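The sequence and structure come first, and the description follows.

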Amino acid sequence: MRKVFRFKKSSLVFISILACMLILFGLFNIISMNLINSQRSQQAAKRWKNDDLKFAQITAILSSESNFNYSSVLSLRSSVDNSMKEINIEITDDKKVWYDAFSTEERITLKNGNVTSNVNATVVGGNFFRIHELDYITGYAFSPDDIMQDRIILDTLAAWQLFGSYDVVGKIVNLNDTQFTVAGVVNRGTGNLFEQAYGSKPRVYMSYDYYQKINPDLNITCWEAVIPSPISGWAESIVKNNINAEETDVEIIDNSARYSFLKLLNTMTGLPIRSMKVSRIIYPYWENIAGVYEDYASLLLLGILIFGGIPAASAVIFVIVFIIRHPITKKQLSDLWYEIIMFVSKKGKYKKTGSKEKDKEKDKEKKVKIKRSKKNKQDNI
């Protein structure tokens with residue numbers, strides 16, 4: 001009677017636990033990838049493709065007391081250009097090798113006739129909307145190449161408070177005695193996290209160049225760039241070495257690497273002190289959201305390491321114990337290796353292993369068996 005192999009109850013429980021862990025391992029990986037991919041503002045370097053160069057997205061967050069202004073931006077641009085020339089990266093007016101954007105936050109009051117709205121204003125310059133892809137209901141983004149820089153983008157709450165409608169492209173709003181033309185209306189975003197970072201007030205986006213007419217002493221609190229980085233960390237070091245700000249007034253972030261395995265591992269170990277903010281720097285809403293997502297991703301990584309590591313370690317231990325209890329001779333190992341290669345090989349021949357004699361012997365045995373079977377059939381007839 002054939003013996004039926006049965007698992008012990010404890011073994012079944014252990015195998016079930018390992019299976020659940022593997023399911024959680026896959027689930028945590030999917031959640032982590034979806035979370036990271038949702039952060040479009042952190043993936044500008046991936047979108048700025050070039051077959052010959054590797055790029056990094058670098059952000060400098062500055063305090064409002066850093067005195068970092070448009071002249072500082074021009075100086076930093078020049079330093080980045082010179083650094084690239086030193087490593088023979090060609091820069092021409094026709095071909096844009098890299099780009100930057102900058103912004104700051106203001107609180108202002110906009111008017112449409114007798115209607116007023118107190119709003120948070122993100123004052124932007126450079127290629128801000130190339131990095132930050134807003135969700136437009138109507139209209140379009142303005143750019144530094146536009147002839148008229150008096151454009152303003154309203155979020156849905158600002159548009160509704162000022163006009164009672166979202167169909168407002170081309171209409172005029174006033175800030176003191178200065179007029180702005182509405183270029184578009186964008187969604188605010190959803191979710192408690194977004195609302196906490198974005199703020200409950202209406203928000204607008206306006207041109208730095210044009211807003212300087214109202215506030216000539218306006219400082220910049222966020223500078224972002226997508227820069228060639230042939231060596232890991234090169235772009236970040238260029239910005240650190242050339243930015244015109246005190247070390248206590250600026251934080252440099254490599255957005256391209258913030259969700260990498262090593263960075264998330266470092267974030268995970270530093271979670272207890274990450275919530276302690278002792279600097280004078282105030283982060284823009286998109287950076288606050290990216291930072292929280294970084295914390296989430298690091299916790300998911302912890303789950304991935306646990307739920308993937310335990311089954312992997314169990315498999316290794318099982319193999320080691322099996323080998324100890326069932327020693328394999330060199331001949332058995334050689335035969336096993338031979339059978340594996342024979343299975344993988346497309347032609348069914350074991351090549352370049354020194355075992356051609358085995359192939360020939362097996363072929364002879366097959367031929368003998370075929371001849372015998374034919375002879376038996378003839379005898380039977």
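In which loop is Asn88 found? Asn88 is found in the loop between α3 and β2 (99-112), where helices (H or I, at least four residues) and strands (E, at least two) are DSSP runs, numbered from the N terminus.

The model is predicted, so local features need pLDDT of at least 70 and side-chain atom pairs count only at pLDDT 80 or more, while totals for chains, interfaces and linings use all residues. Residues are numbered from 1 along each chain as its sequence is written, and side-chain values use heavy atoms, with hydrogens and water left out.

**The chain as a whole**

The secondary structure of the protein chain comes to 13 helices and 10 strands. Of its 381 residues, 39% are buried, where buried means under 20% relative accessible area, exposed over 50%, and partly exposed in between (1.4 Å probe, protein chains only). The mean pLDDT, the predictor's confidence in each residue from 0 to 100, is 85 for the protein chain, and 86% of the residues reach 70 or more. Over residues 348-354 pLDDT stays under 50, and for this stretch the model has 9 contacts beyond four places in sequence; contact means heavy atoms within 4.5 Å. Among contacts in the protein chain between residues at least 6 apart in sequence, 74% join residues at least 24 apart.

**Loop residues**

Most residues other than glycine have a negative phi. Asn88, although not a glycine, has a positive phi of about 65°, and Asn176 likewise has a positive value, near 55°.

Asn127, in the loop between β3 (115-126) and α4 (128-131), is buried, with a relative accessible area of 19%. Leaving aside its neighbours within four places in sequence, Asn127 is in contact with Tyr99, Asp100 and Ala101.

**Helix α8 and its cover**

Helix α8 (residues 234-242) has as its buried residues Trp234, Ala235, Glu236, Ile238 and Val239, and what covers them includes β1 (55-62), α3 (70-86), β9 (222-228) and β10 (250-254). The axes of α3 and α8, which are lines fitted to C-alpha atoms over the stretch in contact, with angles running from 0 to 180 degrees between N-to-C directions, come within 10 Å and cross at roughly 135°. The two helices are therefore oblique to each other, given that angles under 35 degrees count as roughly parallel, over 145 as roughly antiparallel, 65 to 115 as roughly perpendicular and the rest as oblique. Leu76, Ser79, Val80, Ser83 and Met84 of α3 make the contact with Trp234, Ile238 and Asn242 of α8.

**Helices α9 and α11**

Helix α9 (residues 261-269) and helix α11 (residues 285-325) have axes that come within 8 Å and cross at roughly 95°, which makes α9 roughly perpendicular to α11. On the side of α9 the contact is made by Phe261, Lys263, Leu264, Leu265, Thr267 and Met268, and on the side of α11 by Glu294, Asp295, Ala297, Ser298, Leu301, Leu302 and Leu305.
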